[in-house]
Amino acid sequence: NVLHMLWIFIVAIVILIIICFAKDSVKQSNDIISQGGMKSKYKTLIDLLQISLGRAKITNESNTALTIYGAGSSGSTAFDIVQTFGKVTIRCYIKNALIGNHQFQWIFDENMDQQIMFNKINNEVNKLLEEQISKFGQI
């Protein structure tokens with residue numbers, strides 16, 4: 001009987017956690033929608049990333065995430081911007097014939113100045129590019 005009651009208690013706790021998480025997810029999604037969606041909320045960051053990539057476009061968008069993708073003759077770069085409970089996670093995927101494949105991830109407070117976010121992202125990506133280019137000079 002005690003074991004049976006313990007299982008019922010554990011299952012009830014798991015169900016309660018799932019319900020709370022689902023409720024929070026819906027609230028977060030509704031909050032972003034009320035702010036005009038991801039394109040509006042992160043407009044400055046999106047514009048800066050698109051400018052830095054050249055002909056980049058938003059290829060996927062949901063209530064809590066979007067992808068910016070740009071491709072050129074030697075490769076492609078994609079940025080995923082994902083809103084998560086007070087934070088924004090930005091992942092960068094670089095596929096390039098000359099410098100290879102690279103991934104980055106940054107997590108910022110969702111209300112952080114987007115110009116500062118971009119500067120950090122741009123500095124780290126440019127550092128990688130400079131390191132890779134300097135390797136060619138050593139050959």
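In this predicted model, a polar atom of the His102 side chain lies 2.8 Å from the backbone oxygen of Ile99, a polar contact in the sense of a pair of N or O atoms within 3.5 Å, where one must be able to donate a hydrogen and the other to accept it, and where residues adjacent in sequence count only if both atoms are side-chain atoms. His102 belongs to strand 5, residues 100-109. Strands (E, at least two residues) and helices (H or I, at least four) are DSSP runs numbered from the N terminus. When neighbours within four places in sequence are set aside, His102 is in contact (heavy atoms within 4.5 Å) with Cys92, Tyr93, Ile94, Leu128 and Gln132.

Ile99 also takes part in a pairing through its backbone nitrogen, which lies 3.1 Å from a polar atom of the Asn96 side chain. Asn96 is found in strand 4, residues 87-96. A further polar contact, at 3.3 Å, joins the side chains of Asn96 and Ser74. Beyond four places in sequence, the residues in contact with Asn96 are Ser74, Gly75 and Asn101.

Gln83 is located in strand 3, residues 75-84. Gln83 counts as buried because its relative accessibility is 3%; the cut-offs are under 20% relative accessible area for buried, over 50% for exposed, and in between for partly exposed (1.4 Å probe, protein chains only). The Gln83 side chain makes a polar contact of 3.4 Å with the side chain of Lys41. Asn63 is 20 residues from Gln83 along the chain, and the C-alpha atoms of the two are 8.8 Å apart.

Taken as a whole, the chain contains four helices and five strands, in the sequence order α-α-α-β-β-β-β-β-α. The chain is more spread out than a compact globule, because its radius of gyration is 20 Å, well over the 14 Å that the globule rule gives for 139 residues. This radius is taken over C-alpha atoms, and the rule is 2.2 Å times the number of residues to the power 0.38. The C-alpha trace spans about 75 × 35 × 25 Å along its principal axes. Of the 139 residues, 32% are buried. Among contacts with a separation of 6 or more, 35% are between residues 24 or more positions apart.

Residues are numbered from 1 along each chain as its sequence is written, and side-chain values use heavy atoms, with hydrogens and water left out. Local features need pLDDT of at least 70 and side-chain atom pairs count only at pLDDT 80 or more, whereas totals for chains, interfaces and linings use all residues.
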